[in-house]
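Student: I have a model open and want to learn how to read it. Can we go through it feature by feature?

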Amino acid sequence: MSPHKNIYKPIEATIENIIEETPTIKTFVIKPREHFEFRTGQFIELTLPGAGEAPFTPSSDPNIKDTIDVTIMNAGRVTSMLHACSSPTTVGIRGPYGKGYPLDTFEGKDIVIVGGGVGLAPLRSLLFALFSRMDRYNKVVLRYGARTSKDMVYKHLLPDWAKKDKVDVVTTVDVGDPSWNGNVGLVTTILKDMPVDLKNAVVIVCGPPVMMKFVTLKLLDLGFAPKDIYLSMEKNMSCGLGKCGHCRIGRFYACKDGPVFTYEELKDIPEIWD
Amino acid sequence: MYYIEVSALDNFAQALCKSYAVFSPFAKDPRSPGTDYSYARLSENTPSVFNPYRCIEPLKAFFTHPLQKVAGYFGNDDQAALSEKTVIFGVKACDIAGHKIQDFVFLEGVDVDAAYAFKREQTILIAGDCTDFKDVCHCLAWDILPHPLEGFDLSLSPLNDGFLVEVGSKKGQELIEAHPSYFTPAKESQISVRRVKREGLQERLKRHLFPQNLVPKDSVQALMRQGYNVDTWHQFMLTCVECGGCNFICDTCHCFLLNDKPQGQVNSRLRLWDSCQYANYARVAGGANPLKTRTQRLRFRFTKKFDFFVDNLGMPACCGCGRCIEVCPGKIDIREVLKDVAKKVAAAKT
């Protein structure tokens, strides 16, 4: 028989805990039954046995080796079935896939992180990874927007992050309500006057495609270079390995060449925001 | 180089049936001169047939299947059914060229598809020269000759009363060494006959293709980029019924979707061939769909073949077999689409 492992077969894992983040978003704490590691920004395929699998980028600290958090919005067939689960539930995982965030190239720089809605999930993993070795980075500037205050994830963590040394946090909601006394406006409205050195900064953006489009345009307008803007491309990723074809963006596959790309890599490809 | 007589080839194929699953072409309509050929499992006492041109089915169908179990979880039930040792007769140069894409996808990159690799190891390809062509054949447009030069284990070239046998691999050499009685060393004169026959067919095909005025191979990538917004995509889409036939019959198309279904204690993971012409091909959870229209999807099929693969493999993903032309109920002709793009790109420049 072939010396290669079966790339389509998931390893067994258990949903150990489920945390309700918002009415439509839950964080699943998953314990793999075999050794499993990922680099921040890489994604996994999560299988609900007999029902199907879907790609997610873990939201937990990659330094934690025994469990993986995955923050999931109830948005489709597999995610709605996952939301109906209680712990413990047996699931499967494959991966990790993709290249992840190039942490080495972020060293010595000002790191701007712009999140929209549940897009903060992969960025939380990145933040944990950065916080674990903050001596290597100049500063971390987080800008986070959600539709309403009820749609914000990790609300309990945001104040702690804001208190950290060399970390600057500003949040906003698209639509205000009586319980919210912070900024109101799209996330693009909190991007100007950031305390960063444009020449020595990188920006990492994750959110819905329309948010990433307007954030990117704003960042270019502010003077950030296309090579310094990192975007998480959401595509239909079935295999995760560059074989099934679905996630093609121009000459790339989002799964194996991304899912994080610089705007420099993508800017000449038509219709990237669709 | 070896020589084998017609009757000896039959006996050789019969002998192979004892230890291999042997597939060989058969004529769908033996009395019709332009008949299609199809692969079938060779049974005892049926003569093997030499097909003058490629079969209907793509070669990929021997290595991946339209619906196939690729894993069981979480038990020990692992690889999809073990494949038996297989010999395939009747493979043509276009099949081999197209199959390079399948090998690239499933054997290279991030990880190897183990079941595919195993099948590939277990399979012996016995290719053959084309001695005729179909109306839709246009391999020469992609610089693929109508006789195989590489990528086969053995290759047969029909002479007047037998076949010249070229060895293309160690597996092919071992197959001959295991059946020495059927083969004799080829003579120089036989090799010259092959050359004359090959040149003759190539010349005929060239004359067939000349009036078609096909786009040059080295222009297609630029055409995809410059022609991204031409109305060709819309015009040719109008007759697309989204059947996916062009993808499924294509020897270079490889897209698939993984699907799961419960099956007792062990769940099955299935792999289904997928088509980029289907409306939900690129749809993501929440409903966003970067390929909403048939126009976008037709263009996606072409940019994959003629831009993506030129970038990633250094060759366009078309072998000129013309299968997609024959299969399309909407009469969408890959040659005509490319020519139309070229025409509109040229018009936009002037």
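Student: Which residues of α3(A) are buried?

Tutor: A residue is buried if 20 or more other C-beta atoms lie within 10 Å of its own, exposed if 12 or fewer, and partly exposed in between, with C-beta atoms placed from the backbone. In α3(A), the buried ones are A:L120, A:A121, A:P122, A:L123, A:R124, A:S125, A:L126, A:L127, A:A129 and A:L130. That makes ten of its twelve residues, so the helix is mostly covered. Helices (H or I, at least four residues) and strands (E, at least two) are DSSP runs, numbered from the N terminus. This is a predicted model: local features need pLDDT of at least 70, side-chain atom pairs count only at pLDDT 80 or more, and totals for chains, interfaces and linings use all residues. Residues are numbered from 1 along each chain as its sequence is written, and chains are lettered from A and ligands numbered from 1 in the order in which they are written.

Student: What is A:I204 in contact with?

Tutor: Contact means C-beta atoms, placed from the backbone, within 7 Å. Leaving aside neighbours within four places in sequence, A:I204 touches A:Y101, A:I113, A:L123, A:L126 and A:Y230. A nonpolar core joins buried Ala, Val, Leu, Ile, Met, Phe, Trp, Tyr and Cys residues through C-beta atoms within 7 Å. The largest has 167 residues, and A:I204 is among those that touch the most other members, as are A:I113 and B:I126.

Student: How many residues of chain B are in contact with chain A?

Tutor: 42 residues of chain B meet 39 of chain A. β10(B) gives the most to this side of chain B, with six residues. By class, that side has 24 nonpolar, seven polar and eleven charged residues. Here Ala, Val, Leu, Ile, Met, Phe, Trp, Tyr, Cys and Pro count as nonpolar, Asp, Glu, Lys and Arg as charged, and the others, Gly among them, as polar.

Student: Which strands pair with β8(B)?

Tutor: Pairing needs at least two DSSP bridges between two strands. β1(B) pairs antiparallel with β8(B) over four bridges; B:I4 has B:F163 as bridge partner. β7(B) also runs antiparallel to β8(B), joined by five bridges. A hairpin of three residues links β7(B) to β8(B).

Conventions:
Contact = placed C-beta atoms within 7 Å.
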